[in-house]
There are 4 protein chains.
Amino acid sequence: MNIAVIGATGYSGVELLRFLRHHPYISRCSLYSSSQEGVPLSHSFPHAREEGELILQKIDMEQIAATCDLVFFATPPGVSSGLAPLLIEKGIKVIDLSGDFRLKDRTVYEKWYKRQTASDIYLQQAVYGLTEWNKEEIRGAQLLSNPGCYPTATLLGLAPLVKHRLIEEDSIIVDAKSGVSGAGRQASLNTHFSETNENVKIYKVNEHQHIPEIEQMLQMWDEHVQLITFSTHLIPMTRGIMATIYAKAKEDLSLEMLLDLYKTSYEDSKFVRVRKPGQFPATKEVYGSNYCDIGIAYDERTGRVTVVSVIDNLVKGAAGQAIQNLNVMMGWDEDSGLAFAPIYP
Amino acid sequence: MNIAVIGATGYSGVELLRFLRHHPYISRCSLYSSSQEGVPLSHSFPHAREEGELILQKIDMEQIAATCDLVFFATPPGVSSGLAPLLIEKGIKVIDLSGDFRLKDRTVYEKWYKRQTASDIYLQQAVYGLTEWNKEEIRGAQLLSNPGCYPTATLLGLAPLVKHRLIEEDSIIVDAKSGVSGAGRQASLNTHFSETNENVKIYKVNEHQHIPEIEQMLQMWDEHVQLITFSTHLIPMTRGIMATIYAKAKEDLSLEMLLDLYKTSYEDSKFVRVRKPGQFPATKEVYGSNYCDIGIAYDERTGRVTVVSVIDNLVKGAAGQAIQNLNVMMGWDEDSGLAFAPIYP
Amino acid sequence: MNIAVIGATGYSGVELLRFLRHHPYISRCSLYSSSQEGVPLSHSFPHAREEGELILQKIDMEQIAATCDLVFFATPPGVSSGLAPLLIEKGIKVIDLSGDFRLKDRTVYEKWYKRQTASDIYLQQAVYGLTEWNKEEIRGAQLLSNPGCYPTATLLGLAPLVKHRLIEEDSIIVDAKSGVSGAGRQASLNTHFSETNENVKIYKVNEHQHIPEIEQMLQMWDEHVQLITFSTHLIPMTRGIMATIYAKAKEDLSLEMLLDLYKTSYEDSKFVRVRKPGQFPATKEVYGSNYCDIGIAYDERTGRVTVVSVIDNLVKGAAGQAIQNLNVMMGWDEDSGLAFAPIYP
Amino acid sequence: MNIAVIGATGYSGVELLRFLRHHPYISRCSLYSSSQEGVPLSHSFPHAREEGELILQKIDMEQIAATCDLVFFATPPGVSSGLAPLLIEKGIKVIDLSGDFRLKDRTVYEKWYKRQTASDIYLQQAVYGLTEWNKEEIRGAQLLSNPGCYPTATLLGLAPLVKHRLIEEDSIIVDAKSGVSGAGRQASLNTHFSETNENVKIYKVNEHQHIPEIEQMLQMWDEHVQLITFSTHLIPMTRGIMATIYAKAKEDLSLEMLLDLYKTSYEDSKFVRVRKPGQFPATKEVYGSNYCDIGIAYDERTGRVTVVSVIDNLVKGAAGQAIQNLNVMMGWDEDSGLAFAPIYP
């Protein structure tokens, strides 16, 4: 199968390449970049040099459509909404890692992203690729919208509780912590080492564009769920997201019952691992891998459930889940190209 | 004034010394250690060498009582509850940085600390040294119990909301993040660099011994406040605590009104700085200093208030606040020995 | 092929497992531990949980010899020198990641390691597994001694210069920098996060046990090479070694000539990548992979060559090179189980 | 005394302010910036807010000359060489933290800095402020050129060896490691957290502009000293420099003799601390302070001396030494405004 990656010089793009190069069913992978055409990839990323140097190509949609079977977009906001339709119309499959096709309602997109996106027809056509919970739809998708990093960790952590209506609908608070790679490769004061090291910052308080993405999915699962509080913190590490999720139980629960529920919910999921009672995952325990690890606590004093969900933001939170979705779309083994352990320590 | 520090080889002890050596009203400071008597301090802490080498002395309570006017305990749990009464009875003032005298109810202490503590008479006598809110009592204290690091950040962040009864009494959730120095100098897998670096961990979920300390104070301010959810995370940095505090507003509030309230509440406090609208403090912005910086958000979508409170856990969260309490106890300027800026970057 | 790993609860052991589990020619891998027999591996390493839980077994040499074809030792100093001979005598192949069999001269071992090691017969039998330069011998090895992390980076960086006698024999100085994982998983003040973070330390000045290992190999290549100066620094990162190597050119050289030499020397090496003129590798560019990346400078002002050599200390510096040696010993593709890119960022 | 700081929005500028605000002899300190005139300093640096908000002023040389007694330049290369002469001519004292006045030979400056600098008359007039070794000249200086960070650590480490002619003149190699704050506050891929964290990089190999600055001073001390090899590495920490210095002894030395020499050399220096035999300083042990800590080894195997010299690059390597020079220039106690301990951990 011939694959194209548009936007190959960002962190998600180069991470896609890490998986695609050793994927058993991919014969050729071409890289496209708007800023560095004609330049070898190793110019930007010396670590990526292997035999057979890869050259970044000019984004020529005609040529891409003519030579590739499926196209990944690992581009900044506002790019794929313009380009992807050209491919869709020609029957080429698209997996979009940006947020352009994630929200079904254009006005919601415009409010949170402060820009325009694709037309309704494509927003409706796009399948939301939270693999574990949407496999049926993903199988037939032509345009797949890959979830955001925070929504992936949060939704996998909340799904069993929400789907089984175990928590008060207005009680969800998510305190999320992310490594700095989530901010991309663009240099800024915000990603400057001396400003970020030995530091925790909160950012985009009540304004993060992943808030409506999470709410949309929760309300698809249970229309009674109300707006959530969702905060994002920048942690002095490169990779990893932890979502600490708080919610009030509707009635008395027990830890045992909750763990049973989660284990059952994810028993067929290769990439979700539920911890034993009293154990909670750390972000490093999924580093570099496609796993989402989940731990659960129930506090009898307060009647609150705490769910701890960790992912590698560039893998399960971006490129890894995109490959997982590719595998499901193509009917391949779900872990093709993704069957490796976390790097520890 | 002659000062003794018992437990000078831990992080809080050596941090006390950093302030005491250059404190304008301290003439002599002696160091005591149970494990390293006769050894120069610079053996454990080469950074601390100044002219006039300090030698760690054996803990001899008679000798300490005979030569010192005030004694700091920077000891592990269970030490000061045994030793401090010997000094109290002789009229020596005591400032205890451990948790031994923080909880008024012995059974609560025993439940959360899994050990015994001092007898009721001393627990009742001990003054809780949250300086900004307890100055009157601190002035006359003989036995001062210095607050824990997490309670300091949390209570300074919550005080105006709770005292003015602006939030639902059952709605408080605190998600706290701490640097690794909060775990002390003891080597363990939990503080091992390779296990902690590039990692976020949650720990002691629903079981942290600072939970009852926070609840005790909140309920002293407003008896209707109910049990809280309080979570602690280990962050790959050495110093710093951020408490992200969530609570539901009782009625419609505005950011402007909240900021006014906080500014008024802390207008006479040298060490609490309230940020402008839309701005939030990062832990590095108080690094090495005695400041507590606070930022506030109000989300009209959900009716929730978010308060972000940061401190340096070893300064305002331990040794710095202890010096601040010393200053208040002695009637000195509150920032004596503490008048320096954060180190940035 | 059936494999045993003795010492599976250290960092090298668990890293071996990362590669062995997905190695195409390994059918079964058993783990042995002296301290945790009967315990699932995921108890110590939750990140390593996959389908089919691995249980740590008691070290029973009879049972190991009866069921395994090849045994890896990832043990502390002094273990394999005692146990490996039992396997050797039964015809089992051994790959030892510890230093026990690296030095040919027992008295040198005793001087630098301050302990005894194996008898001469095994020291002579052991093949030193610096794969790129010893392939012929490795092919027939029964007892393979895997090189130390520092020697690997240093020797790969120095080999072309020394073998071609281009540098003054008494001019070699190596300034090496290592991440903290090189110190193992044992908790100590030296690996404590708060003592190591935001810090560079030099350690074992002129006393590191890898010095004689490097000198032994250099003098095997050119008996005229004299004793070297070799320093080791602890860097606040988990993985990675950089060896910055300085030597005086015997006669006028040029950068072009040096780069040609290195490229030719390593043109058949899958895991050594030589950088372009003016470019130097960073440790992160080999993170998690088996690559050794090398950059070279020649200073016409001083007539000195500077070689920069980087590896991941737990991969090419330990478990990865061990697998590479396994592959050569068995006649498999040299990158079997190791064909993956560095993780970046 | 009235002080101006030009270039107050960089790391050196804000660090100067940390010391000047609490300096006993400074009555007023004004801040000037070319990019942010009229803006409060706390806009860029929230950590620096104290009572009495400081406003950044436009750089108006007439006004500065009329109102200030002494001016610090904490500006990028090429600024002070143009502006300082205007002040010098009016009798205002200048302390320049940039490199513009450090090299006595304009052609050398132009070769290494790739730009022009001040005219010879000012280069000759400028006094090089390596305080410990140049006190006499500093006392009478009107134009003081503050040393670079690397030269400070290196020269303090080498001075006793070079001045006493103990080492081979062509044998000096310096391997220096620096935290990222040395690269300034400008955002770039080179200071991006995700590119720098968990990483060691070498940079400007054989091309660093501090090389001629070090050589100039060494040759002033001993004209026979030859060109040196000097390498710089970027370490994943914010502050701190370690210079590991290698040199060949001319004749047999002993560690005892070397330590005596260093202790004698620095016995009157408040800010240089020499370690005991077998002990070496770590960068964290001077964090935030004006100390330079030095450890020494002598290897009888190779006849080489290793000197380890550490400083905080923003303090002794920049703003702290500038204040120290101010104190010497004015005849104040050398540690005025600088008498505080390192922050540890």
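**How the copies meet**

Contact here means heavy atoms within 4.5 Å. The model is predicted: local features need pLDDT of at least 70, side-chain atom pairs count only at pLDDT 80 or more, and totals for chains, interfaces and linings use all residues. Residues are numbered from 1 along each chain as its sequence is written, chains are lettered from A and ligands numbered from 1 in the order in which they are written, and side-chain values use heavy atoms, with hydrogens and water left out.

Start with the contact between chain B and chain A. It takes 47 residues from chain B and 47 residues from chain A. The size of an interface is often given as the accessible area lost when the parts come together. Chain B and chain A bury about 4,100 Å² between them, and 53% of that area lies on carbon and sulfur atoms. Buried area is the accessible area (1.4 Å probe) that two parts lose on being put together, summed over both.

Four salt bridges are found across the interface of chain B and chain A. Each pairs a side-chain nitrogen of Lys or Arg with a carboxyl oxygen of Asp or Glu within 4 Å. Asp175(B) and Lys177(A) meet in a salt bridge through their side chains, at 3.1 Å, N to O.

Which element gives the most to the side of chain B that touches chain A? Strand 8 of chain B does, with four residues. Strands are DSSP runs of E, at least two residues, and helices are runs of H or I, at least four, numbered from the N terminus.

Next, the symmetry. A rotation of 180° with 0.0 Å of shift along its axis superposes chain B on chain A, with an RMSD of 0.0 Å. Copies are superposed by least squares on the C-alpha atoms of residues with pLDDT of at least 70 in both. Chain A can also be laid on chain D by a turn of 180° and a shift of 0.0 Å along the axis, with an RMSD of 0.0 Å. These two copies are thus related as by a two-fold rotation axis. Of the residues of chain A, Phe193(A) comes closest to that axis, at 2.1 Å (C-alpha).

Last, a stretch of chain A. An unreviewed UniProt entry places the feature "domain: Semialdehyde dehydrogenase NAD-binding" at residues 2-141. Over residues 2-141 the chain is 35% helix and 16% strand.

Terms used. UniProt positions are given in the numbering used here, feature names are shortened, and annotations may be inferred rather than shown by experiment.
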